[in-house]
Amino acid sequence: MARDKLSIASVNARGLNNTQKRISFFNWIRENSIDIVMVQETFCTREFISKFNYHWKGAIYHSPTDSKHARGVCVILGEHLSGNVRNHYSDTHGRTLLLNIIHNERVYTIVTLY
């Protein structure tokens, strides 16, 4: 059964290319039971997305960057929300990501910008 309330966080990560930092970040999300995390400055390129997502069981939506040292945004969803994304939009510069999520018969628009 889905929870009525959603817990949402917004974080400036200052880069998540380091595996240990990323795993620690994912553990922090789990330990705090955060449903939706909007992340800025992921430094995640298109080529790195599969490695970035490897240690997370839920869905992650990216607006990747072309630089390993700047930009990149993503939205990390808890497992119970992964199938509830109605649609999403990302720009080509790693600065904008928008998701429409259905939760308890309501539509939520989640936007993260850098």
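Some ground rules before the structure. Residues are numbered from 1 along each chain as its sequence is written, and side-chain values use heavy atoms, with hydrogens and water left out. Because the model is predicted, local features need pLDDT of at least 70 and side-chain atom pairs count only at pLDDT 80 or more, while totals for chains, interfaces and linings use all residues.

I start with helix α1. Helices here are DSSP runs of H or I with at least four residues, strands are runs of E with at least two, and both are numbered from the N terminus. Helix α1 covers residues 19-31, 13 residues in total. From its first C-alpha to its last, α1 reaches 18 Å, close to the 18 Å expected at 1.5 Å a residue; the expected span is 1.5 Å times one less than the number of residues.

Which residues of α1 are buried? They are Arg22, Phe25, Phe26 and Ile29. Buried means under 20% relative accessible area, exposed means over 50%, and partly exposed is in between, using a 1.4 Å probe and protein chains only. Seen down the axis of α1, the buried residues fall within an arc of 95 degrees, so they line one face of the helix. That arc is taken from the directions from the helix axis to the C-beta atoms. Gln20 and Glu31 are exposed on the other side of α1. The buried residues of α1 pack against β1 (8-12), β2, α2, β3 (60-63) and β4 (73-77). Contact, here and below, means heavy atoms within 4.5 Å.

Next, tyrosine 61, which sits in strand β3. Tyrosine 61 counts as buried because its relative accessibility is 18%. Leaving aside neighbours within four places in sequence, tyrosine 61 is in contact with several residues, including Val73, Cys74, Val75 and Leu77.

Now some loop residues. Threonine 42 is in the loop between β2 (36-40) and α2 (49-53). Is threonine 42 buried or exposed? Threonine 42 is buried, since its relative accessible area is 0%. Beyond its neighbours within four places in sequence, threonine 42 has contacts that include Gly15, Phe52, Arg71 and Gly72.

Histidine 93 is in the loop between β5 (85-90) and β6 (96-103). Not counting residues up to four places away in sequence, histidine 93 touches Pro64 and Arg71. Histidine 93 and glycine 72 are 21 residues apart in sequence, with their C-alpha atoms 7.6 Å apart in space.

Arginine 14, in the loop between β1 and α1, has a phi near 55 degrees, a positive value in a residue other than glycine. Arginine 14 counts as exposed because its relative accessibility is 65%.

Last, the largest pocket. A pocket is an open set of points on a 1 Å grid over the protein atoms alone, where a 1.4 Å probe fits, with protein on both sides within 12 Å along at least five of seven lines; lining residues have an atom within 4 Å of a point. How many residues line the largest pocket? There are 12, and Arg30, Ile34, Trp56, Gly78 and Glu79 lie nearest its centre.
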